[in-house]
Amino acid sequence: MNLILKLLSFIGLVLTVFPAVLVFTENLSFDMHTTLMMVGMLLWFGTAPFWMKEKKL
Amino acid sequence: MNELLNRIEARLDATDEYEREPVPENKLKGWRAFLGMYAGEHTAGTEFVIGALFVAHGVSAVNLVSGLVVGNLLAVLSWAFLCAPVAVRTKLTLYWQLKKICGGNLAILYNIVNAVMFCFLAGAMISVAATAVGLPFQIPMPGLDDWMPTSVGWVVTVFLVGMVITVVAIAGYDYVARFANISFPWMFLVFIAAALAVLPDLGVTSPSEFWTVAQERIWTGEPAPGLTQFTFWHVVFFSWFANMAMHIGMSDMSILRFAKKWQMGFSSAAGMFFGHFLAWMSSGILMAAAAGAVAPGLIAYNSAGVAGAICVVIAGWTTANPTIYRAGLAFQAVTPNWKRWKVTLFTGLVTTIIACFPALVMNLLDFVALYGLILMPMGAVILLDVMFFDKLNLVSNYAEKSGITFNWAAGLTWFLTLGLCLFIYLYFGVEVFFLGLPGWFIAVLIYIGLSKLFQKKLEPATQPV
């Protein structure tokens with residue numbers, strides 16, 4: 001379960017940054033980039049809190 | 001309901017772990033904890049503004065990159081060679097170490113000044129978050145020239161954001177700290193992605209074109225009308241002293257007291273180079289792409305859509321919250337009869353009122369420099385007291401050992417250093433960004449001189465402070 005959550009979180013981060021790389025190389029539209037970033041955000045915040053441990057200092 | 005209130009009150013009245021005693025060996029942390037903490041702490045809402053203000057002040061691309069490398073490196077060295085050795089040796093928070101050196105009354109005075117500074121800092125973060133919250137309601141955002149509240153809509157938005165942040169600071173600070181940890185990897189990538197996505201608008205479609213466009217269209221070397229021109233030295237000193245209160249001022253003793261060895265101070269490089277360096281570069285690119293707009297919510301939305309605007313809200317919120325909480329704790333030292341939630345509520349209200357004035361955000365660079373400068377002299381006092389006083393045949397922790405509540409050697413060092421810095425500023429016209437360096441040497445000399453003058457042969461103290 002943890003592994004699946006981590007994988008989804010990783011996909012969330014990839015969707016946050018990779019579309020911007022494609023916009024930069026002119027292989028993706030700007031609108032699609034913003035949509036994918038939002039999906040990435042939802043994936044990250046929907047999964048990361050369940051596996052990320054608190055590092056209290 | 002009563003039980004819930006009791007539980008909240010118990011939480012509010014609890015103190016941090018090992019706040020009043022050295023951190024025990026088995027609670028010390030390794031490199032990973034510090035790398036993560038520093039990287040997260042230095043990717044905040046205000047980074048959106050700082051990078052943009054560099055552009056507005058007409059920094060050239062060469063000066064920006066070289067200045068950031070040198071300045072951030074000096075900041076890392078300050079953490080590693082000044083703050084970390086003191087923190088590892090004492091394993092106490094700044095406040096408790098100050099109390100031993102300066103006495104209770106002077107420590108409280110320092111706490112109040114620190115709390116006021118925290119209020120201004122949190123105010124800037126609330127303003128940053130409000131620039132994103134106001135977007136869907138089409139509220140006009142303040143510009144570079146705006147000092148006073150620009151509209152009723154702006155004030156209402158700031159108050160809404162301030163209210164939410166204050167309520168969360170009262171009730172659920174722990175959750176925000178956890179949320180901030182979770183948010184950091186995503187926020188960091190949003191900064192990078194947003195900048196990458198707008199580069200084609202500026203005419204960059206391959207890495208080889210970046211440097212030419214950076215010089216001609218982003219960091220052009222031309223300041224906005226009415227703003228001073230920033231040079232290489234401005235960038236060096238700003239990036240070195242942006243966190244002066246934390247390294248030279250010793251605030252980060254609270255964090256680095258958990259370090260196993262002083263070398264862990266070098267972990268601050270994660271915050272300086274992944275946080276400040278990249279985030280400031282990114283926000284500069286975003287500002288150039290937004291044709292000079294500085295409202296962080298707007299420039300993030302223009303480059304990353306809804307996710308960008310939410311990133312600004314989260315970045316502002318997660319950094320304003322602990323700041324209001326810490327300010328509340330600091331004010332509580334002078335209002336012991338007030339409940340912690342009342343003090344935090346009062347702090348939140350003051351902070352929100354401050355946040356209504358865009359002057360704070362638009363002059364953030366000056367404020368950040370001033371903040372570090374005001375707290376710096378006490379950092380010099382702590383460094384000397386902990387690391388060098390025995391070599392100078394002086395008594396360290398003088399207030400604790402002599403039973404005094406106000407160590408005049410330390411107090412006068414603080415006041416005289418700031419007075420002399422003000423003199424240098426007014427008489428020689430030295431800008432606030434550069435005053436920290438001469439100020440530190442002034443503080444060192446004054447504290448040694450006054451300690452020689454004030455310290456008397458000690459009788460054994462009857463009661464520790």
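Helices H12(B) and H13(B) are roughly perpendicular to each other in this predicted model, since their axes meet at an angle of about 90 degrees and angles of 65 to 115 degrees fall in that class.

**Helix pair in chain B**
- H12 of chain B covers residues 268–289, and H13 of chain B covers residues 296–332.
- The axes of the two helices lie 9 Å apart where they pack.
- H12(B) contributes B:Leu286, B:Met287 and B:Ala289 to the contact, while H13(B) contributes B:Ile299, B:Ala300 and B:Ser303.
- By class, 5 of the residues in this contact of H12(B) with H13(B) are nonpolar and 1 is polar, with no charged residues.

**Chain A**
- Chain A has 2 helices and 0 strands.
- Its radius of gyration is 13 Å, well over the 10 Å that the globule rule gives for 57 residues, so chain A is more spread out than a compact globule.
- The C-alpha trace of chain A spans about 40 × 25 × 15 Å along its principal axes.
- Of the 57 residues in chain A, 32% count as buried.
- Among contacts in chain A with a separation of 6 or more, 66% join residues 24 or more positions apart.

**Contact between chains A and B**
- Chain A gives 21 residues to the contact, and chain B gives 25 residues.
- On the side of chain A that touches chain B, the elements giving two or more residues are helix H1 (2–24) and helix H2 (30–51) of chain A.
- H2(A) supplies the largest share of that side, 9 residues.
- The residues on this side of chain A divide into 15 nonpolar, 3 polar and 3 charged.

Technical notes. Residues numbered from 1 in each chain as written. Chains lettered and ligands numbered in written order. Predicted model: local features only at pLDDT ≥ 70, side-chain atom pairs only at ≥ 80, totals over all residues. Contact = placed C-beta atoms within 7 Å. Helix = DSSP H or I, 4+ residues; strand = E, 2+ residues; numbered from the N terminus. Nonpolar A, V, L, I, M, F, W, Y, C, P; charged D, E, K, R; others polar. Rg over C-alpha atoms; globule rule 2.2 N^0.38 Å. Buried ≥ 20, exposed ≤ 12 C-beta atoms within 10 Å, placed from the backbone. Axes fitted to C-alpha atoms, helices over the stretch in contact; angles between N-to-C directions. Parallel < 35°, antiparallel > 145°, perpendicular 65-115°, else oblique.
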